[in-house]
Amino acid sequence: MLPKSLTVLGERWSVKYIRNLTDDDTSCWGLTDFDTRVISIESSQSDAAKWQVLFHELIHVVLGTTATNGLIIGEGAVRQDNEEIIVRALEYSLWPVIKNLVKKGAR
Ligand SMILES: [Zn+2]
């Protein structure tokens, strides 16, 4: 079951499932808002797609909380305009691995 909230790096995040999700009037699959600590997911997708989008947005949360804003590896270590490339690389490489582990019963 997809979560309604979760805790990442000690911070509580809400997860909302919204039909016709947009970012600046452009439709999108997921969004992460650091001001409100809300992750929004387009609700018309399959559950499998929602899980993958949630994973993608979680990487944004982690990078936005750590690398992009300099908390862990130094100011500007991940430039904001490069973040999407890094998020996608991690999503596409790690999501199949995590799905397999979960299927095999890893907890
Ligand atoms: Zn993204």
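What follows is a run of questions and answers on the labels used for this model.

Q: What kind of model is this, and how are its residues numbered?
A: It's a predicted model, where local features need pLDDT of at least 70 and side-chain atom pairs count only at pLDDT 80 or more, while totals for chains, interfaces and linings use all residues. Residues are numbered from 1 along each chain as its sequence is written.

Q: What makes up the secondary structure of the protein chain?
A: Two helices and six strands, in the sequence pattern β-β-β-β-β-β-α-α. Helices (H or I, at least four residues) and strands (E, at least two) are DSSP runs, numbered from the N terminus.

Q: How do you know that strand 1 and strand 2 pair?
A: Two strands pair if DSSP finds at least two bridges between them. Strand 1 (residues 5-8) and strand 2 (residues 11-18) have four bridges, in the antiparallel sense, so they meet the definition. Among the partners, L6 goes with W13 and V8 with E11. The two strands form a hairpin with two residues between them, and L9 in the turn has a positive phi of about 50°.

Q: What makes the pairing in the four-stranded open sheet mixed?
A: The order is 1-2-6-5. Strand 1 and strand 2 are antiparallel, whereas strand 2 and strand 6 run parallel, joined by five bridges. K16 stands opposite S40 in strand 6.

Q: Why are strand 1 and strand 5 at the edges of the sheet?
A: Each has a single partner strand, so one side of each is left without a neighbour in the sheet. Neighbouring strands of this sheet are turned by 25° against each other on average, direction ignored; the axes are lines fitted to C-alpha atoms, for helices over the stretch in contact, and angles run from 0 to 180 degrees between N-to-C directions.

Q: Why is R37 called partly exposed?
A: Buried takes 20 or more other C-beta atoms within 10 Å of a residue's own, exposed takes 12 or fewer, and partly exposed is in between, with C-beta atoms placed from the backbone. R37 has 14, so it's partly exposed. R37 sits in the loop between strand 5 and strand 6.

Q: What does R37 touch, leaving out residues up to four places away in sequence?
A: E11, R12, W13 and S14, where contact takes C-beta atoms, placed from the backbone, within 7 Å. R37 and E11 are 26 residues apart in sequence, with 8.4 Å from C-alpha to C-alpha.

Note on methods:
Two residues are in contact if their C-beta atoms, placed from the backbone, lie within 7 Å.
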